[in-house]
Amino acid sequence: MNWEPCWLPAADVPETLRSPAQAARWELEQQNVESALSVQPQLGDAYEITDGPEGCRIMGGETGVLYGAHRLLFNRRVGLPLPVGMRAPAYPFRMLDHWDNLDGSVERGYAGKSLFFDNGDFSKDWPRLRAYARLLSSVGINVVCLNNINVQPCAQELITERFLPKVAELAEAFSVFGVRLMVSVDFSMPLSYGVPTADPLDDRVQAWWRERAALIYRYVPSLFGFLVKADSENRPGPYAYGRSHAQGANLLARALKPFGGRVVWRCFVYNCLQDWRDTHTDRPMAAYENFADLDGQFEDNVLLQMKHGPFDFQVREPISPLLLVMPHTAKAMEVQLTQEYTGQQIDLYAMQGMWDEISADLPRGTLSGVAAVANTGLSRCWTGHPFAQLNLFAFGLMAWQPMSSFKTVTRLWAQLTYSLQGVPLQTLTDSLLLSREIYEKYTAPLGLGWMVNPGHHYGPSPMGYEYSAWGTYHRADREAVGVDRTERGTGYLLQYPPALQARYRDPATCPEKLLLFFHRLPYGYRMRDGRTLIQRIYDNHMEGVWETRQMADKIQTLSAVLPEEVYQTVWERMEKQITNACEWRDVICNFFYRLSGVRDEKDRL
Ligand code: GCU
């Protein structure tokens, strides 16, 4: 084993482990910790840690004891008291979605090749696969989707006899750590297997999926279910047959139900062939328009997976209004750990602050699950950028306890991973806590997204998406920028409950970080601090570069305390981040200057 440090101490997982309780015992033994384990299956994922005259005890369900053991070990390693008490996860389904292709590539992957697939087949790197299952269980993730939601034709074979034995083998290895597998399926798959239609109301289609489900569960009885991207970015779906998304999802749900399987159905449905001249169609409204009216129509084993924001994982978005409706439907919120729009695991961007803001707007009990697009791969530290591990760690913890302190979680990760203390610990923690705002300042302040290079999405291109069909326009001209999404404009605002409408309606009180998401404003608009809008745009980008440099200086002070290889990887990326930040600043500021003709008050352009 030759990997870089992560929050777990390195260890080869023995092949002989068979159950989460055995894994729990092994974890404790590894670190010479004595604790009695008592498995009470009815407790499921929950556990209770107690301390008595005979020593400490972890009582929990099959998986609960494993989660309890990890929690106890985390605390011991960083010198915190024994975490006595009862704990249960906030969300029963804590999912990680891999966008891995069978050839080993990973869509939007920045951490090396796929952990699961290699050259058209399953990976045989069992030590690494077992280590991965262990890693995920240590932060309580309990479902993993193996393959890309954009299902390539060859990936349809994952649910045929060609690959099912291999899925079964992997499912067994992951079950030792309480992690169940899920596969992405193609809605039109019956067409490839001799059925003349994929219409969800057609008997032949229903029979085909029923038989398919029976076959799948004969091989993999523990399969969690299917993840489906339908009628989204040119993927097939029920709309082709004039059917609703409830009819589409229920087709699969009914087939899986006898086996206890679930359908995780994505709500990322919008018109990706929009005419940019059309100013009435507003893409952020699409998920709500396609799904909100279907509340109550889904089978009870369907989980709707909704992106956290109404667009697509931008640097900052308000909460998706769809998350706040559909009370009679099970919902999961989807976040993106892989840093597609947030620095691609080159630039630092710690995400928990974003999730905290969204969780604050979500009434308790709204969600049945959370899902994250994975940021992991074969990279030696799992995540490309060694510090991007934090996002996976924090996601797992958030799924147990939303709103736990960002600072506490970040410190815990840094202590566990690099055994840092004192000033270096503070330095790393502070840098990570600030990283999101810094990134936002040099790329997309004030809620303005989509000025990225089309295709790969790294680096600036202010007009890159302006005349495209993707529905992602900022509509900057020589007078003004932004989209009016109030009732005077596209009306998006009206999808929110009254309290949120009130928060965002008036530019004078709308949080400035989302100002240009909700409003179209002239460059001379006076911000609350007295500066003009255009001056704030210039200043933010300049500050973003300056703060990136300061962060780099701080990170340089860690060269002696981080393992050499880690520091080298981090520093190489930091240098690229500085170049990227300068490029963003210069391109965006010049873009607005040329368009508006308004000079920077401090003459820096
Ligand atoms: C983004 C991303 C795609 C992905 C899509 C999705 O648009 O760029 O690669 O397929 O999201 O979430 O389905």
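Let me begin with a term: a polar contact is a pair of N or O atoms within 3.5 Å, where, within protein, one atom must be able to donate a hydrogen and the other to accept it, and residues adjacent in sequence count only if both atoms are side-chain atoms. What we have here is a predicted model, in which local features need pLDDT of at least 70 and side-chain atom pairs count only at pLDDT 80 or more, while totals for chains, interfaces and linings use all residues. Residues are numbered from 1 along each chain as its sequence is written, and side-chain values use heavy atoms, with hydrogens and water left out.

I will turn to the ligand. An oxygen atom of the ligand lies 2.5 Å from an N or O atom in the side chain of Glu340, and there is a ligand oxygen 2.4 Å from an N or O atom in the side chain of Glu107, as well as one 2.6 Å from an N or O atom in the side chain of Lys229. Of the 320 Å² of accessible area that the ligand has on its own, the protein covers 96%, with areas taken from the Shrake-Rupley method and a 1.4 Å probe.

Which residues are around the ligand? Counting a residue as near when one of its heavy atoms lies within 4 Å, we find Trp99, Glu107, Arg108, Ile149, Asn150, Lys229, Glu233, Arg266, Phe268, Lys307, Asp312 and Glu340. By class, this shell holds 3 nonpolar, 1 polar and 8 charged residues, where Ala, Val, Leu, Ile, Met, Phe, Trp, Tyr, Cys and Pro count as nonpolar, Asp, Glu, Lys and Arg as charged, and the others, Gly among them, as polar.

Now the wider layout. The domain assignment, which is automatic or from a database, gives domain 1 as 20-87, domain 2 as 93-404 and domain 3 as 442-483 together with 520-596. The centres of domain 1 and domain 3, taken over C-alpha atoms, are separated by 45 Å.

Most residues other than glycine have a negative phi. Asn32, although it is not a glycine, has a positive phi of about 50°, and Asn32 sits in the loop between helix H1 (20-30) and strand S1 (36-39); helices (H or I, at least four residues) and strands (E, at least two) are DSSP runs, numbered from the N terminus. Phe313 has a positive phi near 55°, and its place is in the loop between strand S12 (302-307) and strand S13 (331-336). Are these residues buried or exposed? Buried means under 20% relative accessible area, exposed over 50%, and partly exposed in between, with a 1.4 Å probe and protein chains only. Asn32 is exposed, at 68%, whereas Phe313 is buried, at 4%.

On the cysteines, a disulfide is a pair of cysteine sulfur atoms within 2.5 Å, and by this rule the count comes to 0. Cys154 is in no disulfide, since the nearest cysteine sulfur, that of Cys145, is 15 Å away, and Cys154 is partly exposed at 36%. The sulfur of Cys381 is 9.5 Å from the closest cysteine sulfur, in Cys6, which is too far for a bond, and Cys381 is buried at 2%.

Pro386 lies in the loop between strand S14 (369-373) and helix H10 (389-400).
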